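Reader: I would like to learn how to read a fold. Please take me through one.

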Amino acid sequence: MEKQQRKPNRKWLVWLIPVFMTGMLAAFLIYAGQYYHAGAVAHSMLESDETVSVMQTEYGWLFDGPSETDALIFYPGAKVEACAYAPLLHGLAAKGMDVCLVKMPFRFAFFGMNKADGVMALYDYKNWYIGGHSLGGAMAASYAAGHASRLTGVILLAAYPTRPLADSLKVITIYGSEDGVLNRNRMDEGVKYMPEHHTEVEIQGGNHAQFGDYGEQKGDGTATISAQEQQQQAEDLIAVYLSGKS
């Protein structure tokens with residue numbers, strides 16, 4: 001009498017898959033929970049002054065300066081507390097570009113790449129720019145690649161595009177000479193996705209982390225200029241870029 005072939009028992013999958021997924025989620029939450037915190041200078045720049053009004057919003061913060069026409073939507077770097085960029089963005093607002101600083105889910109911009117849609121629905125600016133730092137800049141560039149008709153330009157800090165950007169967009173890339181985090185080879189490869197006329201500037205003595213105020217970043221180079229000087233240079237470069245003289 002021929003024996004029936006026993007079918008594999010896969011009942012263990014019923015409980016193993018949920019256990020595995022729960023473990024993966026827990027590991028991610030632990031990883032995401034270890035992030036760079038904003039410093040005292042950044043927190044002080046969340047206060048309004050006679051030039052810039054700072055308001056907390058549902059998406060993050062609005063730095064409302066003298067501009068009535070130009071606004072930047074800014075995406076923070078990965079695992080960085082969003083308000084760490086307040087010193088730089090407060091300065092930009094004072095120089096004539098209002099800034100919408102966007103908080104990201106789990107502090108990773110790829111979970112909120114399209115948050116710019118909601119921000120633009122709230123205000124009526126003539127010229128919208130999008131930008132960000134590191135991963136935030138990369139996600140801002142990806143958003144711009146698919147929404148060029150809604151934007152005037154892109155501002156990338158220690159970041160590069162991975163999709164083609166329309167020639168109609170004004171694009172500026174700024175990075176520090178001592179940046180140890182930015183992948184220079186990938187940045188060079190990203191040039192092929194840039195508009196024909198774009199601006200690239202290296203800040204001598206700057207590094208990766210000093211575009212914000214969140215302390216030293218793992219793997220970064222040692223800056224030979226202060227964070228205040230690096231941010232001041234970035235603000236001035238962007239102001240010139242806005243003026244059309246870059």
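Reader: Is Phe106 buried, exposed or partly exposed, and what is its relative accessible area?

Author: First, the ground rules. This is a predicted model, where local features need pLDDT of at least 70, side-chain atom pairs count only at pLDDT 80 or more, and totals for chains, interfaces and linings use all residues. Residues are numbered from 1 along each chain as its sequence is written, and side-chain values use heavy atoms, with hydrogens and water left out.

Author: Buried means under 20% relative accessible area, exposed means over 50%, and partly exposed lies in between (1.4 Å probe, protein chains only). Phe106 has 42%, so Phe106 is partly exposed. Phe106 sits in the loop between β4 (98-102) and α4 (115-120). Helices (H or I, at least four residues) and strands (E, at least two) are DSSP runs, numbered from the N terminus.

Reader: In what order do the strands of the open sheet run?

Author: Strands pair if DSSP finds at least two bridges between them. Here 8 strands follow the order β1-β2-β4-β3-β5-β6-β7-β8, with mixed pairing. β1 (53-56) and β8 (199-203) each have a single partner strand, so one side of each lacks a neighbour in the sheet.

Reader: How do β3 and β4 pair?

Author: β3 (residues 70-75) and β4 pair in the parallel sense, over 4 bridges. Phe74 stands opposite Leu101 in β4.

Reader: Which strands does helix α5 touch?

Author: Contact means heavy atoms within 4.5 Å. Helix α5 (residues 135-146) packs on the sheet and touches β3, β5 (127-133) and β6 (153-157). Helix α7 (residues 227-243) also packs on the sheet, touching β5, β6, β7 (170-176) and β8.

Definitions and conventions:
Axes are lines fitted to C-alpha atoms, for helices over the stretch in contact, and angles run from 0 to 180 degrees between N-to-C directions.
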